[in-house]
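Dear colleague,

Please find the structure for your review below.

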Amino acid sequence: MTAAAPATELSIETTGLSKRFGHQLAVDSVDLAVPKGSVFGFLGPNGSGKTTTIRLMLGLAAPTGGSVRLLGEEMPRQLHGVLPRVGALVEGPAFYPFLSGAANLHRFDAADPHVPAATRKARVQSALDRVGLTHAADKKVRAYSLGMKQRLGIANALLAPRDLLILDEPTNGLDPQGTREVRSLVRSLAADGATVFVSSHLLAEVEQICTHAAIMSAGRLVAQGTLEELRQGGQARIRVLTPDAGTAADVLARLGLSAATGSGSAAYGGAEVLYAPLPEAAGNGAVAPEAVVAALVAAGVRVRGFATEQVSLEDRFVALTGEGFDVVQ
Ligand SMILES: Nc1ncnc2c1ncn2[C@@H]1O[C@H](COP(=O)(O)OP(=O)(O)O)[C@@H](O)[C@H]1O
Ligand SMILES: [Mg+2]
């Protein structure tokens, strides 16, 4: 038999990946598909299983069930062949505070049996340059800001050419300036052709830097795809502003639409905001927005505002995870 043609090339693929801690399934049958070349956001609230999943991917913990392929190779069986092509930042590396940034990288590089010593100096310089730390190369790490330490951690992951970078919450604990620095760095890493897998509990961050995302909730993967696909999974809805909310709700119900009252209605001078999900335009039971307006007006409803809205990625994520996301920065 001839080998089947490869489907979309995946840099990371997990199948039924699970990890149990006592009674708790911290990672519950996770099937991740991370396309080559993507900047893939691994999004989920704190405690949803992101770090555990990353540790399983890298062979830092053993799964209770399921399997992982990194760069097409089975883990942890091919660990020694694969890891040299993977740069990782998981729980910031421990740097020697009394050594300079450059000296720390020299030490880490010297501990890596897969890289040539002859090119060490040049590789350390280029990694520092890549993360914008050339000016601080000779400064002791204890004088580094948190953002600089985090960038040094990323430089450490970049000491050799990498096909895949796995960064666990690289902006966690950083001030706004450090956060901006690390985000723009992550974006530029992907521009060099590496696949970047980056976890975050911040939706806004993933929207800013990623092409794809997966959403974790309580150990389960609840959605994944391009950001566009994830948005489209959310339904469109209509928004009606009217002082005749009761009549309007009846009219919508006759059209097969179930309305809910929005919050903060008092702000509209006696009018209320009604929301109703709009069935798929092409599907069964499709209702054109203009037909809704016509029916409302015909029933004597004073329509002061009307709009069709796409549900935002945030609404969708909140609906999927049952949690709000910190919407900051
Ligand atoms: N070594 C461990 N022993 C026991 N429980 C753990 C361990 N590591 C993580 N957990 C639990 O697994 C769940 C997922 O944790 P984690 O993967 O760190 O989530 P996240 O990175 O999304 O914040 C949490 O409830 C956490 O307490
Ligand atoms: Mg974590």
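The notes that follow cover the conventions, the domains, the ligand site, the salt bridges and the nonpolar cores.

This is a predicted model, in which local features need pLDDT of at least 70 and side-chain atom pairs count only at pLDDT 80 or more, while totals for chains, interfaces and linings use all residues. Residues are numbered from 1 along each chain as its sequence is written, chains are lettered from A and ligands numbered from 1 in the order in which they are written, and side-chain values use heavy atoms, with hydrogens and water left out.

Domains

The domain assignment of the protein chain gives domain 1 (7-232) and domain 2 (237-310); such bounds come from an automatic or database assignment. The C-alpha centres of domain 1 and domain 2 lie 45 Å apart.

Ligand site

Around ligand 1 (a heavy atom within 4 Å) are Phe21, Gln24, Ala26, Pro45, Asn46, Gly47, Ser48, Gly49, Lys50, Thr51 and Thr52. For the side chain of Gln24, the distance from an N or O atom to an oxygen atom of ligand 1 is 2.8 Å. The corresponding value for an N or O atom in the side chain of Lys50 is 2.9 Å, and a polar backbone atom of Gly49 is 3.0 Å from an oxygen atom of ligand 1.

Salt bridges

The structure holds eleven salt bridges, each defined as a side-chain nitrogen of Lys or Arg within 4 Å of a carboxyl oxygen of Asp or Glu. In one of them, the side chains of Asp109 and Arg123 meet at 2.8 Å, N to O. Asp109 lies in helix α3 (residues 101-110) and Arg123 in helix α4 (residues 120-130), so the pair ties together parts that are 14 residues apart in sequence. Helices (H or I, at least four residues) and strands (E, at least two) are DSSP runs, numbered from the N terminus. Asp109 is buried at 1% relative accessibility, and Arg123 is buried at 14%; buried means under 20% relative accessible area, exposed over 50%, and partly exposed in between (1.4 Å probe, protein chains only).

Helix α3 also holds Asn104, which is buried at 0% relative accessibility. Leaving aside neighbours within four places in sequence, Asn104 is in contact (heavy atoms within 4.5 Å) with Phe95, Tyr96, Leu99 and Val141.

A further salt bridge joins the side chains of Glu181 and Arg151 (2.9 Å, N to O). This pair links distant parts of the chain, with Glu181 in helix α6 (residues 176-191) and Arg151 in helix α5 (residues 146-157), 30 residues apart. Glu181 is partly exposed, with a relative accessible area of 22%, whereas Arg151 is buried at 9%.

Glu309 is partly exposed at 23% relative accessibility.

Nonpolar cores

Which residues touch the most other members of the largest nonpolar core? Of its 44 residues, they are Ile154 and Val196. A nonpolar core is a set of buried Ala, Val, Leu, Ile, Met, Phe, Trp, Tyr and Cys residues joined through side-chain atoms within 4.5 Å. A second, separate core of 25 residues includes Phe40, Leu58, Phe197 and Met216.

With kind regards

Technical notes
Polar contact = N/O pair within 3.5 Å; in protein donor to acceptor, adjacent residues only side chain to side chain.
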